[in-house]
Amino acid sequence: MKPPEMSDMRTEYAKTLIEIGRENPKVVVLGADTTDSLKTSVFGKEFPNRFFNVGIAEANLVSISAGLAASGKVSFASTYAIFLPGRAVDQIRNGIAYPSPPGKKGLNVKLVVSHGGLTVGPDGGSHQQIEDIAIMRAIPNFRVFIPADTIAVSKLIRLMANEYGPFYMRMARSKTPIIHSESQEFQIGKGITLRDGSDCTIAACGITVRMALEAAETLQQEGISCRVLDLFSIKPIDGDLLEKAARETGCIVTSEEHNIFGGMGSAVAESVSERHPVPIKRIGAQDMFGESARDNEVPLLLEKHGITSFNMVKQVKEIRSKKI
Amino acid sequence: MGLNYYHIKKNILRARRLVIKSTSIAGSGHPGGSFSMAEIMGCLFYKFLKFDPSNPSWEDRDRLVLSKGHASPGLFSNMAVAGYIPESELETLRKFGSRLQGHPDLKCPGVEFCGGSLGTGLSYSIGVALAAKMDNKDHHIYTIIGDGESNEGQIWEAAMTASKYKLDNLTAFLDRNFIQQDSYTEKVMPLDEELRDDNISEMWKDASRWKTGDKWRSFGWNVIEIDGHRIEQIDLAITKAIAAKGIPTIIISRTIKGKSIEHMEDNPEWHGKAPNPEMVPLINLELDSQFMIAPSIIAGDMTNLENEVKRCVHGRADYIHLDVMDGQFVPAKTFDYNKIKELRSLTVIPFDSHLMISEPVKHVKDYVEAGSDIITVHAEVCDESSFGEINDLLKQSQVSVGLAINPDTDLPEWSYKFLPTLDQLIVMSVFPGKSGQKYITETHEKMNKLKSILKDHKFTGYIEADGGINLENIGSCFEDGARAFVGGSAIIGQPDVREAIREFRNQVLKTRRKTLIKKAHQLGGSDLVHKWIGLHVVGKKKEQITKIAQEEGFI
């Protein structure tokens, strides 16, 4: 595979926010002293009256976003992943997800975070959020996305802005390779088949999508035909696509930079086991925390947790022997 | 505009009864915190809030955010009185399938905020206030937080933020009742200063120990400190809060948890416990037996009425009775509206202007403009048409309407049609004209006769006893049905007005306790009397009530 073009999710997020901010005066953006890092401060420069930096006060951030949404605004609240689900889950649950105006489910707040997962790197295990998907998936009315590239970021932000209700979207800290084409469509609850295959399926999201494509390429050379899915929509998960993959390929490997409990792998296992059980192997943090790794060492950190295309190849080979 | 004093008061009473009804049926809930904020809710719902029950999501409505969401019965009951939901729906509180959840919920139209997880409502209100500013809307956001709730760090995050954004469209109330779930707030987590013993009145008495206002001031808020059970103080505080520009306001309201029911007052047990259904008739009777003391200043130094008003203020009078005499309807002459206008600036305590004048219909407007909150005219100088005119004018001006009858006057038949909405009835127990006369004992008989007429014509106002009221006869006046008591020489004529008022109150309280015990005995014999007394665990109430019960032979 040729080296991919790299692109920054936060820059794309801010750019998209400004575009939708111009189109829709109801869009408001909130931050908690990470607005330069998240790049949302540029939205504040263009729309100073629709931008609120509430300081290092995440609970406050979430509840204020809810109040704005209850008054008809479309609230985008952003900071690092570790500080939103990890810190303000009560305000998220009781303040955004639970209050349901007549005929609606939850308030119109979009929580868009950066610095998800282990690739946060140097800041260390305290700042590597590997439980957010489990937390957010468990809260009714929330929909949960992990985009694989900046094209997904831009399209999902637009999608969220136009679709009423609470969303959680986790972006990566580092630049990510472009995976999708500009014409790729994104729908809530619909996964994307990036590569067809008949012997096994790798379901990935976020930074593991590129790894999955590389693994499939390697497996191809060894005569194994591997299907690759980008499951950016973790909740709702694409049960139809997964059932089809289970029927047609007979086994599934999942991969994510999240604890194996409660993340995308769990969502896949829940869906497949109910609809068409096949052997599943979950790659991810094996119920242990991350640790500091300098930027050039992040691959070592991921390797420690088995989040590599090499391990995907290995797991595909192993799981094929367990097919029913 | 007047205070709309009795209108607010009557609705607060209705709401309190609904709190008792709903929590006792539900078997759980939080009456204590519902009662501590009852007067705040009453002033908001029946005077300040702009809302339309038939269009709960009206864009320009004011927003009421109950951050201390456990006091939901206090919110729902007022929403019922205000017409959002039928009163009967309160019976479904906390029931499966009900719109009235254990904590306020958007399932019930008109509820602004899903409260309950404490500490979050003020931040939410900031969001609502920011949106209003953005949209150039002039509606106001009122948020009620608790003192226990103020343990939450998010309250102080919000305090900083509202100040940063200069949210003058946001007014917070701190329901400072000094009690949270485990115990007294100053024991669990002091907001003012650590409590030395279990007597929280210690905190009330000593203003130098109040630190909460300083905290909020230092966070950049406009701080107003009031007695949160006094309608006139709440009224003024809200008026000032709305007028403050460029700064959010917090009204620190010192309140009493469980206010109005002796055994619940200041008792941490009643934070989150429902009343036992067998006690409900007694509690309702106690709610119906709230009373007020109104000194009459003409019993004092007529050359220095300003000082008499000040003595009333110091004495914590509920309101001030102003006897206006014109020298025609009665032989004596006191003062007119010009004097009232002068006195008005001295206090916000409601002015109860008793017009003993001929042709009141011609002058009543002057008394409204002078700042009266309650105006009473004499039946002897009115007829259906003129009283109708007076009634309309007063109601429009948010001034409470009173009608007075002399000792030798029966309630005229033309007045019956006004009884359902009449706020105050004065049954004179002396011939008006001068201060210091002796109570006419035939008044008791007259009051008894009046009872059935008032009941038949659905009178829900207050009866005011006026004329020769003193410590000897005040109890029997209470038993006759009077709930407001004018004290002339027996209060203003005393050197220590505060002490005289306190004695008046204690005397009525004693009679009220006796009435309640009597009722308990009637409903459930000495068994219920014992249970009732057993509820009064705070302070010396239990021994005092036991003594009354023994004296009366009920135990």
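Tutor: Domain bounds here come from an automatic or database domain assignment. This is a predicted model, in which local features need pLDDT of at least 70 and side-chain atom pairs count only at pLDDT 80 or more, while totals for chains, interfaces and linings use all residues. Residues are numbered from 1 along each chain as its sequence is written, and chains are lettered from A and ligands numbered from 1 in the order in which they are written.

Student: How many residues of domain 2 of chain A are in contact with domain 1 of chain A?

Tutor: Two residues are in contact if their C-beta atoms, placed from the backbone, lie within 7 Å. On that basis domain 1 of chain A brings 24 residues, and the number from domain 2 of chain A is 31.

Student: On the domain 1 side of that contact in chain A, how many residues are charged?

Tutor: Ala, Val, Leu, Ile, Met, Phe, Trp, Tyr, Cys and Pro count as nonpolar, Asp, Glu, Lys and Arg as charged, and the others, Gly among them, as polar. Of the domain 1 residues that touch domain 2 of chain A, 14 are nonpolar and seven polar, and the charged ones number three.

Student: Which element gives the largest share of the side of chain A that touches chain B?

Tutor: Between the chains, 26 residues of chain A are in contact with 20 residues of chain B. Helices (H or I, at least four residues) and strands (E, at least two) are DSSP runs, numbered from the N terminus. Two or more residues come from each of helix H3 (58-70) and helix H4 (89-97) of chain A. The largest share, nine residues, belongs to H3(A).

Student: Turning to chain B, what radius of gyration does chain B have?

Tutor: The radius of gyration is taken over C-alpha atoms, and the globule rule is 2.2 Å times the number of residues to the power 0.38. The C-alpha atoms of chain B fill a box of roughly 65 × 60 × 45 Å along the principal axes. For 555 residues a compact globule would be near 24 Å, and chain B agrees because its own value is 24 Å.

Student: Which element supplies the largest share of the side of domain 2 of chain B that touches domain 3 of chain B?

Tutor: Chain B has domain 1 (5-287), domain 2 (291-494) and domain 3 (496-555). Here 20 residues of domain 2 of chain B are in contact with 14 of domain 3 of chain B. The largest share of the domain 2 side, four residues, comes from H17(B).

Student: How are H18(B) and H19(B) oriented to each other?

Tutor: Axes are lines fitted to C-alpha atoms, for helices over the stretch in contact, and angles run from 0 to 180 degrees between N-to-C directions. Helix H18 (residues 497-534) and helix H19 (residues 541-551) of chain B pack at about 80°, with axes 9 Å apart. Angles under 35 degrees count as roughly parallel, over 145 as roughly antiparallel, 65 to 115 as roughly perpendicular and the rest as oblique. H18(B) and H19(B) are therefore roughly perpendicular.
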